[in-house]
Amino acid sequence: MSRFPKDFLWGGAISAHQAEGGFDEGGKGLTKSDVMTGGSVSSPRKETYIDKDGNRQYLIHQTGVRLPEGAHYAVFDDEYYPNHVAIDFYHRYREDIALFAEMGFKIFRMSIAWTRLFPTGEEETPNEAGIQFYKDVFNELHKYNIEPLVTLWHDDTPLALEEKYGGWSNRKLIELYDRYVNTCFREFKGLVKYWLPFNEVNNILMFLDMFGNVSSDKMYQDAYQELHHKFVATAHAVKAAHEIDPDNMVGCMICGVPFYPATCDPKDILNNYYMWEKGIFYSSNVLCKGTYPTFAKRLWKEHDVKVQMTEEDLKEIRENPVDMYTFSYYMSSNVTTHTNDDVVGGNCTSGVRNPYLEYSEWGWSTDPLGLRYFLEKIYGMYEKPIIIVENGLGAADVLNEDGTVHDDYRIDYCRKHIEEMANAIANGVDLRGYTPWGVIDLISAGSGEMKKRYGFIYVDRQQNGQGTLNRYRKDSFYWYKEVIASNGEKL
Ligand code: BG6
């Protein structure tokens, strides 16, 4: 008997801005990644803009940091922007979906680019070409019985809204997002039933704490306000999704990082617990239980934050919790109050090196047991069906002359994580699906590189935009196909 439920949703995940390309085709508007350069593990991505005096400028991309007064974002003709072409999913989705089908996918997580439907975010009616593109993609998936799982916002607010309103800390964004998501629920009714309103909604608080608590109180004020607006927008989305089609299931999407205390010093234990509260439970509680947790007051006080909210907001949040819990999982983080210079980064967080774990070239730990820990803890707290919507190993794969890619390290990583998923299910967790990240190589969100590859499918696109864009099956492709065919037994 299989350790996984018989209808377990095996699949893979991508996002629009990291895969589609076609950044100015089909009437699409610009988003932040369209004005971001490439970077690397040691040099950050930059945003390009024109300052108030008309000069070209570069701003280091960092959560909470805004353009100076009077400046506006710009695309420079002589600059390379990796997301403009990405892996050209926009033109090659049929070929890619055929490859996913060959692996036996049951589900495919992708995102809709808000700016394909509403180029500036403020149009009264949607752009037909954008609607048609996604209908074509969803129909192609259904041709192979692959269920789409759709993220409605994957870090891609229309740039025009960032410039005009300063982004999500402005309440105006709620109504514009409502218009966009309602359009999606209506237009794609019958084609999509799994929806995620916001990718890694919690990660803004983690980013602000990354590499020491150096962010200003104003940044926290904006971040908590932004989060509140996203909580309200999620509640609206849950309500509308259910009204438009009772089959719809809406999930929160949390950046899933289990925090460990680096020592048994009670200060570390308490500090670690507070990291869970701020990083994970604050957002999870509001979205799953429909209320702000008691510790919210302590968190706001830390940075003298006053979140503007109405009674109506709280009612909407209370009445419309999400149906399922989804999260990304790559690594755990090890935190301490003691002086320790051996600091390592990771997905939206940083901590001190854990001597029991191995680290990737990009400094992310590999911790399969951390996945089981997170699964069991979260299910125990919220008791909602779970889908792991991101997991994987970013590595610099090598394409051999015969078109093969031997990525045994990735197979090993995924095998160990799937083992722990089976263990969590045996311990009672209602885990329904697994969509490994960047199942086809794509542009790294953090570093803007092509070199940091997660895929089971190799894409011949190199760091500076060279390459044929041809697709190749890696060793992990054949391995994952067997995993799916055996429902997780043949690992
Ligand atoms: C998650 C994001 O934080 O991590 C993805 O949802 C991202 O968009 C993924 O790609 C991996 O991060 P990176 O920086 O390796 O691309």
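Leaving aside neighbours within four places in sequence, with which residues is Arg 410 in contact? The model examined here is a predicted one.

## Surroundings of Arg 410

Arg 410 belongs to helix α13, which covers residues 408-426. Neighbours within four places in sequence being left aside, the residues in contact with Arg 410 are Leu 393, Ala 395, Asp 397, Arg 453, Tyr 454, Gly 455, Phe 456, Lys 474 and Ser 476.

The relative accessible area of Arg 410 is 1%, so the residue counts as buried, the cut-off being under 20%. Asp 397, one of the residues in contact with Arg 410, is also joined to Arg 410 through a side-chain polar contact of 3.0 Å.

Strand β5, made up of residues 107-111, contains Met 110. With a relative accessible area of 2%, Met 110 is buried.

When residues up to four places away in sequence are not counted, Met 110 touches Ile 14, Tyr 134, Val 137, Phe 138, Leu 141, Leu 149, Val 150 and Thr 151. For Val 150, the separation along the chain from Met 110 is 40 residues, while the C-alpha atoms of the two are separated by 5.3 Å.

## Packing of helices α8 and α11

Two packed helices are described by the angle between their axes and the distance between the axes. In this model, helix α8 (residues 217-244) and helix α11 (residues 311-319) have axes that come within 8 Å and cross at roughly 55 degrees. Because of this angle, α8 is oblique to α11. The crossing of the two helices is left-handed.

On the α8 side, the contact is formed by His 228, Phe 231, Val 232, Ala 235, His 236 and Lys 239, which meet Asp 313, Glu 316 and Ile 317 of α11.

Glu 175 is located in helix α6, formed by residues 172-187. Is Glu 175 buried or partly exposed? Its relative accessibility is 43%, and Glu 175 therefore counts as partly exposed.

His 236, one of the α8 residues that meet α11, is 61 residues from Glu 175 in sequence. In space, the C-alpha atoms of Glu 175 and His 236 are 9.6 Å apart.

Notes. Residues are numbered from 1 along each chain as its sequence is written. This is a predicted model: local features need pLDDT of at least 70, side-chain atom pairs count only at pLDDT 80 or more; totals for chains, interfaces and linings use all residues. Side-chain values use heavy atoms; hydrogens and water are left out. Axes are lines fitted to C-alpha atoms, for helices over the stretch in contact, and angles run from 0 to 180 degrees between N-to-C directions. Helices (H or I, at least four residues) and strands (E, at least two) are DSSP runs, numbered from the N terminus. Angles under 35 degrees count as roughly parallel, over 145 as roughly antiparallel, 65 to 115 as roughly perpendicular and the rest as oblique. A crossing is left-handed if the near helix is turned anticlockwise from the far one by less than a right angle, and right-handed if clockwise. Contact means heavy atoms within 4.5 Å. Buried means under 20% relative accessible area, exposed over 50%, partly exposed in between (1.4 Å probe, protein chains only). A polar contact is a pair of N or O atoms within 3.5 Å; within protein, one must be able to donate a hydrogen and the other to accept it, and residues adjacent in sequence count only if both atoms are side-chain atoms.
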